[in-house]
Amino acid sequence: MAIEVRIPTILRTHTGGSKTVEGDGDTLAALVDDLDAKHPGLKNRLVTEEGKLHRFVNVYVNDEDVRFTGALDTQVKDGDSVTILPAVAGG
Amino acid sequence: MLRIDRATYDAIVAHAREDHPDEACGVVAGPEASDRPERFIPMLNAARSPTFYEFDSADLLRLYREMDDRDEEPVVIYHSHTATEAYPSRTDVGLASEPNAHYVLVSTRHHGEQTGLAGDEVEFRSFRIVDAVVTEEDVEVVESYLFGHSPTTVVYD
């Protein structure tokens, strides 16, 4: 078992074109580190230099926006499904 | 070039007109890699602002899940500018994250109550935004996609 992560089109350059990848970790932060080890550059696209999730990247754990569940501290476990979606936004 | 049917074109303009002075936004989905905008999906502007738009995060997830299930992608992503020209702003360029989409901008700065009235000049323009580079493209309005491409088309550039 692992955690399935759905990758949006714009980030598939980091995953060799794969729509879904697998990773491990107890928290979203640990999962992102694990993903970055396998798919270098991914973390930079998700997390700011200050160590927070980018404002315009949405991450969902089992359909729940992690902004409401502790952001990078959100607990994750085997079998969870994580979806990453860039915001559709502008001025 | 963006090729779009008349009904969808009109629906986008009508949505922009309705939500004025706030920005309106939405998607036209189509079969993956088809480049055919077929399914008009107006979205709520969660920012409810005259200068900003953002899809609600739960709506965004539902939208992408649904497109995924139907083997669709966002062929058109549209939003309106309500006081400035129909050209991508710096924010639009910075946040554009669908390199395969046509980014449609509608300006309602000079709009009337409905199409055809004097003084109604809703601008409708389409762009590609890839790696922060904006490229404008022609818009061809076709009468219908249903029976192939109708010969009676109007090209707006």
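Colleague: Let me start in chain B. Is B:D131 buried or exposed?
Modeller: B:D131 is exposed, because 7 other C-beta atoms lie within 10 Å and a residue counts as exposed at 12 or fewer. Bear in mind that this is a predicted model.
Colleague: Where is B:D131 placed?
Modeller: In the loop between β7 (123-130) and β8 (133-137) of chain B. Its backbone is worth a look: phi of B:D131 is near 50°, a positive value in a residue other than glycine. Most residues other than glycine have a negative phi.
Colleague: And what about phi of B:R48?
Modeller: B:R48 has a positive phi too, of about 35°, although it is not a glycine. That residue sits in the loop between β3 (39-43) and β4 (53-54) of chain B. B:R48 is exposed, with 12 other C-beta atoms within 10 Å.
Colleague: Which peptide bond is cis?
Modeller: The one from B:H20 to B:P21, with omega near 10°. B:P21 belongs to the loop between α1 (6-19) and β2 (25-31) of chain B.
Colleague: Over to chain A, then. What is the strand order in the open sheet?
Modeller: The five strands run β2-β1-β5-β3-β4 in chain A, and the pairing is mixed.
Colleague: Which strands stand at the edges?
Modeller: β2 (20-23) and β4 (64-65) of chain A. Each has a single partner strand, so one side of each is left without a neighbour in the sheet.
Colleague: What packs on the sheet from chain A?
Modeller: Helix α1 (residues 28-38) of chain A does, touching β1, β2, β3 (57-61) and β5 (81-86) of chain A. The direction of α1(A) makes about 115° with that of β2(A).
Colleague: And from chain B?
Modeller: Helix α2 (residues 57-69) of chain B packs on the sheet, where it touches β3, β4 and β5 of chain A. Its direction is at about 105° to that of β5(A).
Colleague: Back to α1(A): which of its residues are buried?
Modeller: A:L28, A:L31, A:V32 and A:L35. They cover an arc of only 100° around the axis, which puts them on the same side of α1(A).
Colleague: Last one: how do β1 and β2 of chain A run, and how many bridges join them?
Modeller: They run antiparallel, and four bridges join β1 (residues 3-6) to β2(A). A:I3 stands opposite A:G23 in β2(A).

Notes:
Residues are numbered from 1 along each chain as its sequence is written. Chains are lettered from A and ligands numbered from 1 in the order in which they are written. This is a predicted model: local features need pLDDT of at least 70, side-chain atom pairs count only at pLDDT 80 or more; totals for chains, interfaces and linings use all residues. Two strands pair if DSSP finds at least two bridges between them. Helices (H or I, at least four residues) and strands (E, at least two) are DSSP runs, numbered from the N terminus. Two residues are in contact if their C-beta atoms, placed from the backbone, lie within 7 Å. Axes are lines fitted to C-alpha atoms, for helices over the stretch in contact, and angles run from 0 to 180 degrees between N-to-C directions. A residue is buried if 20 or more other C-beta atoms lie within 10 Å of its own, exposed if 12 or fewer, and partly exposed in between; C-beta atoms are placed from the backbone. The arc is that of the directions from the helix axis to the C-beta atoms.
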